[in-house]
Amino acid sequence: MMPLQLRILAIILAVSFFFYTIHLVRKDRAEIRHMLKWLVLALVILFGALFPEVGSEVAHFFGIQTLTALSLFILVSILLIIVLKHQMSLISAEKQIKNLVQEISLLKKNVEEVENKNDSKQ
């Protein structure tokens with residue numbers, strides 16, 4: 001059973017996290033499509049704080065002694081998946097930037113060649 005103080009703290013954390021996420025979207029510091037997973041996470045934390053018995057039953061079903069251990073394991077797993085996804089996006093963006101720099105360099109070279117030909121004709 002989850003202690004009352006921990007439940008209250010989890011509820012405050014979930015509600016604060018939910019409103020902070022909405023604040024970021026409203027201030028145009030984040031896009032809703034990227035923040036949706038954080039909104040869902042806030043709702044899951046809130047659900048877990050309001051109904052800890054369900055979480056405890058799930059933990060016991062998987063052979064885990066406490067809801068806290070299960071929550072920590074799930075949270076770390078989710079965060080690792082999110083970090084991996086962002087790392088893959090970063091690698092893709094770096095490749096695109098490299099290709100764009102190469103294309104701009106080629107265009108710049110072509111423009112300079114055309115300007116040199118025009119200068120030599122005059």
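Which residues lie nearest the centre of the largest pocket? They are V44, I45, G48, L67 and S71, among the 27 residues that line the largest pocket. The structure is a predicted model, in which local features need pLDDT of at least 70 and side-chain atom pairs count only at pLDDT 80 or more, while totals for chains, interfaces and linings use all residues. Residues are numbered from 1 along each chain as its sequence is written, and side-chain values use heavy atoms, with hydrogens and water left out.

**Pocket**

The largest pocket holds about 800 Å³ of space. Two or more lining residues come from each of α1, α2, α3 and α4 (67-121). Helices here are DSSP runs (H or I, at least four residues), numbered from the N terminus. A pocket is defined on a 1 Å grid over the protein atoms alone, as an open set of points where a 1.4 Å probe fits, with protein on both sides within 12 Å along at least five of seven lines; lining residues have an atom within 4 Å of a point. The volume is the space filled by probe spheres set on the points, which are joined across faces, edges and corners.

**Nonpolar surface patch**

A nonpolar patch on the surface is formed by F47, L50, F51, V54, V58, F61 and F62, which together have about 710 Å² of accessible area. Two or more of these residues come from each of α2 (32-50) and α3 (52-61), and α3 provides the largest share, three residues. Patch residues have over 30% relative accessible area and no salt bridge, and nonpolar side chains (Val, Leu, Ile, Met, Phe, Trp, Tyr) are joined within 5 Å. Areas come from the Shrake-Rupley method with a 1.4 Å probe. V54 lies in helix α3 and is partly exposed, with a relative accessible area of 41%. On this scale, buried means under 20%, exposed over 50%, and partly exposed in between.

**Aromatic pairs**

Rings of Phe, Tyr and Trp (its six-membered ring) pair if their centres lie within 6.5 Å; planes under 30 degrees apart are stacked, over 60 edge-to-face, and the rest tilted.

| Pair | Centre distance | Plane angle | Class |
|---|---|---|---|
| F17 and W38 | 6.1 Å | 85 degrees | edge-to-face |
| F18 and F19 | 6.0 Å | 80 degrees | edge-to-face |

Because F17 lies in helix α1 (residues 4-26) and W38 in helix α2, their pair ties together parts that are 21 residues apart in sequence. F17 is partly exposed at 29% relative accessible area, and F18 is likewise partly exposed at 26%. F19, at 53% relative accessibility, counts as exposed.

One salt bridge is found in a search of the whole structure; the term denotes a side-chain nitrogen of Lys or Arg within 4 Å of a carboxyl oxygen of Asp or Glu. The side chains of R33 and E31 meet in a salt bridge, with an N to O distance of 2.7 Å. R33 is exposed, with a relative accessible area of 61%, whereas E31 is partly exposed at 43%.

D28 lies in the loop between α1 and α2 and is exposed at 67% relative accessibility. Most residues other than glycine have a negative phi. The phi of D28 is near 60 degrees, a positive value in a residue other than glycine.

**Helix α4**

V101 lies in helix α4 and is partly exposed, at 49% relative accessibility. The C-alpha atoms of V101 and G63 are separated by 53 Å, and the two residues are 38 residues apart along the chain.

Note on methods:
Patch = residues over 30% accessible without salt bridge, like charges linked within 9 Å, V, L, I, M, F, W, Y side chains within 5 Å. Buried < 20%, exposed > 50% of the residue type's maximum accessible area, 1.4 Å probe, protein only.
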